[in-house]
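Subject: Handover of a structure and the findings from it

Dear colleague,

Please find below the structure that I am handing over to you. I would be grateful if you kept it open while reading the notes that follow.

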Amino acid sequence: MRTDTAPLLERLGVGIDPALMTLALTHRSYAYENGGLPTNERLEFLGDAVLGLAIASLLYAREPDWAEGELTRARAALVNRRSLAERARVLGLPQLVRLGRTEAGEGRSKESILANCFEAVVGAATQEEYLAVLKALCSELHRLQVGTIDGFFHRIATALPEEVG
């Protein structure tokens, strides 16, 4: 298991507090085996919501002629266990996720663990740099041209309060 997250953060173009990043990478098997530490599950919940909203908004803007059903199918194809696990692999999360002995063997290749870890990293980054992470992750996840969605992120930035949370 690798512990240096600097290359990942550099690639994503975001800064995440080291303690929050450690939390995002902490699977419940590791937490349980180490005295009941907090897990990444709450961040996973947040990341799932952020990804769903961001992709839905991007699809809505990019495909003005699509009906709701087409948008829903496209979002489901982009934000699912398989695609998120693949993005986790590309980002090197299998080497970073903190797993307990029960998951250490095959856990680094399990789609469910990798997808959940990816969502937790999104959640952590959202806590630190909401707009930057949406741009970086949506671009990485779906290879979208970030320049075409700048207006969307600008509208979010002007609507957000100075401090979130």
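In which helix is the place of A6? A6 lies in helix α1. Please bear in mind, here and throughout, that this is a predicted model. A6 has a relative accessible area of 42%, and because buried means under 20% and exposed means over 50%, A6 is classed as partly exposed. Its C-alpha atom is separated by 9.5 Å from that of P18, although A6 and P18 are 12 residues apart along the chain.

I turn next to the chain as a whole. The protein chain contains 11 helices and 0 strands, and its pattern along the sequence reads α-α-α-α-α-α-α-α-α-α-α. Of its 165 residues, 44% are buried.

In soluble globular proteins, nonpolar side chains tend to be buried together. In this model, the largest nonpolar core has 36 residues. The residues with the most contacts inside this core are L8, I16, M21, L25, L93, F118 and V121. At least two residues of the core are supplied by each of α1 (6-12), α2 (18-24), α4, α5, α6 (81-91), α7 (93-96) and α9 (111-128). The largest share, 10 residues, comes from α9.

Which residues does M21 touch, not counting those up to four places away in sequence? They are T5, L8, L9, I16 and V121.

N116 is partly exposed, and its relative accessible area is 28%. The C-alpha atoms of N116 and L25 are separated by 9.5 Å, while these two residues are 91 residues apart along the chain.

Two packed helices are described by the angle between their axes and the distance between the axes. Helix α4 covers residues 41-62 and helix α5 covers residues 68-78; their axes come within 10 Å and cross at roughly 135°. That angle makes α4 oblique to α5. The crossing of α4 and α5 is right-handed. On the α4 side, the residues that meet α5 are G52, I55, A56, L59 and Y60; on the α5 side, L71, A74, R75 and L78 meet α4. Sorted by class, this contact has 7 nonpolar, 1 polar and 1 charged residues.

Yours sincerely,
A colleague

Definitions and conventions:
Residues numbered from 1 in each chain as written. Predicted model: local features only at pLDDT ≥ 70, side-chain atom pairs only at ≥ 80, totals over all residues. Heavy atoms only, no water. Axes fitted to C-alpha atoms, helices over the stretch in contact; angles between N-to-C directions. Helix = DSSP H or I, 4+ residues; strand = E, 2+ residues; numbered from the N terminus. Parallel < 35°, antiparallel > 145°, perpendicular 65-115°, else oblique. Left-handed = near helix turned anticlockwise from the far one by under 90°. Contact = heavy atoms within 4.5 Å. Nonpolar A, V, L, I, M, F, W, Y, C, P; charged D, E, K, R; others polar. Core = buried A, V, L, I, M, F, W, Y, C linked by side-chain atoms within 4.5 Å. Buried < 20%, exposed > 50% of the residue type's maximum accessible area, 1.4 Å probe, protein only.
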